[in-house]
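Please look through the structure below with its strands, helices and aromatic rings in mind; the paragraphs that follow take them in that order.

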Amino acid sequence: MNLELALRMCEAAVRQAAREGALISVAVVDAGGHLVAFQRMDGARIAGPALAAAKAYTAVAHHMPTADLAPLAVPGGELYGLAGDRYVCSGGGVPLTGLGGEGQVRGAIGVSGGNVRQDVACAEAAAALHEGR
């Protein structure tokens, strides 16, 4: 993960948000969960910056999209009690892997500010840019 690619991914997420009619915050982290790039659209909600970074961290830490973690974190689920602090188990966090989704996780993107469908669409638009490099 490098700054140039991370910034381009943020822009891709923001462009998708404009198409979706959402005002988002977007964070890109490296494989260690460290913030590489961040953008917040004018008018985006106050909680977005913290949630976007937490979704990215959660996706890189668990090597899976945060939308897939949501059903595991409900009472009775395998990961019940996981959510909180730096872990967010709602859609919008996507791990970034090698080409074609194969290989080690190289980072993650987190989006917050729209509804879950919009957050996921924005994160996936950014992830597609990563895959195409």
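**Sheet, helices and an aromatic pair**

In this predicted model, four strands form an open sheet in the order 2-1-4-3, with antiparallel pairing. Strand 2 (35-40) and strand 3 are the edge strands, each of which pairs on one side only, and from one strand to the next the twist averages 10°.

Two helices can then be placed against the strands. Helix 1 (residues 3-20) lies across strand 1 (25-30), strand 2, strand 3 and strand 4, and runs at about 30° to strand 2. Helix 2 likewise lies across strand 1, strand 2, strand 3 and strand 4, although the angle given here is to strand 4, at about 145°.

Turning to the aromatic rings, the count comes to one aromatic pair. That pair is formed by Tyr 57 and Tyr 87, whose ring centres are 5.8 Å apart; because the planes make an angle of 65° and the cut-off for edge-to-face is over 60, the arrangement counts as edge-to-face. The pair links distant parts of the chain, 30 residues apart, with Tyr 57 in helix 2 (residues 48-62) and Tyr 87 in the loop between helix 3 (66-69) and strand 3 (93-96).

The two partners also have their accessibility assigned: Tyr 57 is buried, with a relative accessible area of 18%, whereas Tyr 87 is partly exposed, with a relative accessible area of 25%. Finally, Arg 86 lies over the face of Tyr 57, at 3.6 Å from the ring centre.

Technical notes:
Residues are numbered from 1 along each chain as its sequence is written. This is a predicted model: local features need pLDDT of at least 70, side-chain atom pairs count only at pLDDT 80 or more; totals for chains, interfaces and linings use all residues. Side-chain values use heavy atoms; hydrogens and water are left out. Rings of Phe, Tyr and Trp (its six-membered ring) pair if their centres lie within 6.5 Å; planes under 30 degrees apart count as stacked, over 60 as edge-to-face and the rest as tilted. Buried means under 20% relative accessible area, exposed over 50%, partly exposed in between (1.4 Å probe, protein chains only). A charge sits over a ring if NZ of Lys or CZ of Arg is within 6 Å of the ring centre and within 35 degrees of the ring normal. Two strands pair if DSSP finds at least two bridges between them. Axes are lines fitted to C-alpha atoms, for helices over the stretch in contact, and angles run from 0 to 180 degrees between N-to-C directions. Contact means heavy atoms within 4.5 Å.
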